[in-house]
Amino acid sequence: MPRLCREDALAYTPDYAEFQEGRTIINVRFPEHGERSMWLARASIAFDATWNELPNIVAFATAHLRVKQRARWRRYDDAGITDALAVHGIWINVEDGSANCHVSYNTDREQPRGLPPLTEDDVVFLTRWASGWLTVEYVSPAPES
């Protein structure tokens, strides 16, 4: 499991820390009060919980998009594509322990024939609360074909 420590940060400022694991970017914003080391420790706890739940987060997004975009997902099923979605970003709220996940279509994956091209708007934002509950924050679905 990746670690959130200052030495591993891509960027580390008084307001912000950024990390990367594979293609997933992890973002932490520090509040104006308190020590950054304390906030980073809290961010690590929220990140660990979220990272362990990534398969469930992707499954949750998949289930949501199967309902919203039936035609697209029938094409994925027919093509045997099981990794259509990927988590591209995790934003951690260190004050409440929540993590917002940016789940979008896996642009490294070749799309089935006949589907419209993917755009940056084909995303789902999900929030994982400290209690473990997932909620869909925003959906911008790809057009049906």
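Is Asp77 buried, exposed or partly exposed? At 39% relative accessible area, Asp77 comes out partly exposed; buried would be under 20%, exposed over 50%, and partly exposed is in between, using a 1.4 Å probe and protein chains only.

Quick caveat, folks: this is a predicted model, where local features need pLDDT of at least 70, side-chain atom pairs count only at pLDDT 80 or more, and totals for chains, interfaces and linings use all residues. Residues are numbered from 1 along each chain as its sequence is written, and side-chain values use heavy atoms, with hydrogens and water left out.

Back to Asp77. Its salt-bridge partner is Arg66, with the closest N and O atoms 2.8 Å apart. Arg66 sits in helix 2 and Asp77 in helix 3, so the pair ties together parts that are eleven residues apart in sequence. Helices here are DSSP runs of H or I, at least four residues, strands are runs of E, at least two, and both are numbered from the N terminus. Arg66 is partly exposed too, at 34%. Searching the whole structure turns up one salt bridge, meaning a side-chain nitrogen of Lys or Arg within 4 Å of a carboxyl oxygen of Asp or Glu.

Last stop, Pro117, in the loop between strand 5 (98–105) and strand 6 (123–128). Pro117 is exposed, at 65%. Its C-alpha is 9.8 Å from that of Thr107, ten residues away along the chain.
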